[in-house]
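Hi,

Here's the structure I promised to pass along. Have a look, and my notes follow below.

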Amino acid sequence: MKIGAVFPQLEIGADPRVVRDWATTVEDAGYNHVLAYDHVLGADPANRPGWTGYTDKSLFHEVLVLFGYLAGITTELELVTGVLVLPQRQTALVAKQAAEVDILSGGRLRLGVGIGWNHVEYQALGVPFRQRGALLEEQVDVLRRLWADPVISYDGKYHEIEEAGLNPLPGREIPIWFGGSADAVLRRTGRIGDGWMPQSAPDETARDQIARIRQAAEEAGRDPASIGIEARLTLGAVPEQDWRAFADGWRDLGATHLGVNTMKMGLSRPEEHAQVLRDVLPRLHD
């Protein structure tokens, strides 16, 4: 099982030197990948009673721009979006940006995508909130076609492309993984996904969800073993004495990757995140 580090978006700040130092520390420590969340806008809660999501005070680096920066700083780390809210974005532009990051990083991008939950962002970005699931599935098809062929034509429900293509091409099909736990996500992962990104404990519910993914893969004529699983260990939400058992539990369920999240641990400085990541990695390996 490959172990990566979750980029501490909300707590690292905006100093590029700090971001650089965190990334090089993570790579030097032996982590396999870096995973970063995606949000474009934060909602001002002042006139939104009961708002519980991210706010305008929540700092989020734009993930694909961030990865362009990290591509030039690191040499081995896989760069993973976890997840990019794909329906909020223009598909051809995401295809272009992702291809560029993959090229500049030497083929190190993994694109985790999902439908998101923040209707405020959808409204601001001009995308209907209710169509996001159906839109995402067509987007994945368009992305893969744009990455595969120099020129394509596409006539879908949400996309129309007439004899156009990307240049440069990434030279490979960038892996697309899905985040979420709804039954539609599990079925979609089995049918067309390269992997799944759960955020839960390695329990019987997770075992059942994996079984549903594998069943959907078999029904689609795919090899279930080809679909990766990246779990997430949020250190601040799991007692320290249970960290290794959490990792082992997901390993036993067939997880191929594990992301380690250091946010919400009460750390006061960005360098503390890197120190925790240095210390915890040896405790999670086989």
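Which ring does the charged end of R132 sit over? That would be F129, with the charged end 3.8 Å from the ring centre. For a charge to count as sitting over a ring, NZ of Lys or CZ of Arg has to be within 6 Å of the ring centre and within 35 degrees of the ring normal. R48 does this too, with its charged end over the ring of W51, 6.0 Å from the centre.

Before you read on: this is a predicted model, where local features need pLDDT of at least 70 and side-chain atom pairs count only at pLDDT 80 or more, while totals for chains, interfaces and linings use all residues. Residues are numbered from 1 along each chain as its sequence is written, and side-chain values use heavy atoms, with hydrogens and water left out.

Now the aromatics. There are 5 aromatic pairs in the structure (Phe, Tyr or six-membered Trp rings with centres within 6.5 Å; planes under 30 degrees apart are stacked, over 60 edge-to-face, the rest tilted). F7 and W22 are edge-to-face because their planes stand at 80°, with the centres 5.3 Å apart. This pair links distant parts of the chain, 15 residues apart: F7 is in the loop between β1 (2-6) and α1 (9-12), and W22 is in helix α2 (residues 16-29). Both F7 and W22 are buried (under 20% relative accessible area; exposed is over 50%, partly exposed in between, with a 1.4 Å probe and protein chains only).

Y54 and F60 are edge-to-face as well, at 4.8 Å and 80°. Y54 is partly exposed at 24%, whereas F60 is buried at 16%. Ring pairs also join W51, Y54, F60 and W117 into a cluster.

Cheers

Note on methods: Helices (H or I, at least four residues) and strands (E, at least two) are DSSP runs, numbered from the N terminus.
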